[in-house]
Amino acid sequence: MKVVVGSPGTVGGLLLRTGQCLFASASIAFMVSASGFSSYTAFCYLVASMGLQALWSLGLGCLDTYALRMKRDLHNPILVSLFVVGDWVTATLSLAAACSSGGVSVLFSKDVGFCSAYPLLSCRKFEISVVLAFTTWLFIAMSSLVMFWLLASV
């Protein structure tokens with residue numbers, strides 16, 4: 001297998017996983033700190049999806065750290081195929097959660113004016129959380145494409 005920037009067991013792969021985990025955790029933190037988020041299904045789905053993403057990225061980040069310290073090669077075809085499936089599943093879930101939460105945020109702030117009518121609703125935190133979720137998805141998309149490229153090069 002080729003060594004591609006961001007592949008498992010490399011510093012680039014570790015940085016991608018760290019970025020995914022940090023942005024997903026920040027998205028969760030902003031959403032959970034917003035009052036009333038649990039009343040809306042899309043926001044609850046965002047928290048669940050980002051939680052899964054943070055756990056997946058943390059696990060693979062630990063695996064990358066282990067591989068870097070022990071100088072192990074993680075380019076086993078079975079292992080890479082597992083990474084591909086996991087990355088594509090979490091990428092799909094994260095994009096769906098970010099899009100649905102973004103739609104609800106736009107609905108609240110622009111379409112029906114809930115944000116101005118109900119000042120206790122934490123619309124700004126909702127929006128920041130959605131932006132962080134989309135940033136998380138960008139990192140996931142990069143690592144998903146790298147994993148797919150590695151699998152195709154077998």
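Tutor: Start at G61, which lies in helix 2. Helices here are DSSP runs of H or I, at least four residues, numbered from the N terminus; strands are runs of E, at least two. This is a predicted model: local features need pLDDT of at least 70, side-chain atom pairs count only at pLDDT 80 or more, and totals for chains, interfaces and linings use all residues. Residues are numbered from 1 along each chain as its sequence is written, and side-chain values use heavy atoms, with hydrogens and water left out.

Student: Is G61 buried or exposed?
Tutor: G61 counts as buried because its relative accessibility is 10%. Buried means under 20% relative accessible area, exposed over 50%, partly exposed in between, with a 1.4 Å probe and protein chains only.

Student: What is G61 in contact with, leaving aside its neighbours within four places in sequence?
Tutor: L14 and R17. Contact means heavy atoms within 4.5 Å.

Student: And how far is G61 from I78?
Tutor: Their C-alpha atoms are separated by 18 Å, and the two sit 17 residues apart along the chain.

Student: Back to helix 2. What should it span?
Tutor: Helix 2 covers residues 41-70, so its 30 residues should span 44 Å at 1.5 Å a residue. The end C-alpha atoms are 43 Å apart, which agrees. The expected span is 1.5 Å times one less than the number of residues. K71 follows helix 2 with a positive phi, near 55°.

Student: What about helix 3?
Tutor: Helix 3, residues 77-111, has 35 residues. It reaches 49 Å between its first and last C-alpha, close to the 51 Å expected. At its start, a side-chain oxygen of N76 comes within 3.2 Å of the backbone nitrogen of I78. Just after helix 3, G113 has a positive phi of about 70°.

Student: New topic. Which residues have the most contacts inside the largest nonpolar core?
Tutor: M31, F37, F43, L46, F108 and F126, in a core of 19 residues. Such a core is a set of buried Ala, Val, Leu, Ile, Met, Phe, Trp, Tyr and Cys residues joined through side-chain atoms within 4.5 Å.

Student: Which elements give two or more residues to this core?
Tutor: Helix 1 (11-33), helix 2, helix 3 and helix 5 (123-152). Helix 2 gives the most, with six residues. Apart from this core lies another, of seven residues, among them L60, V80, V84 and M147.

Technical notes. A polar contact is a pair of N or O atoms within 3.5 Å; within protein, one must be able to donate a hydrogen and the other to accept it, and residues adjacent in sequence count only if both atoms are side-chain atoms.
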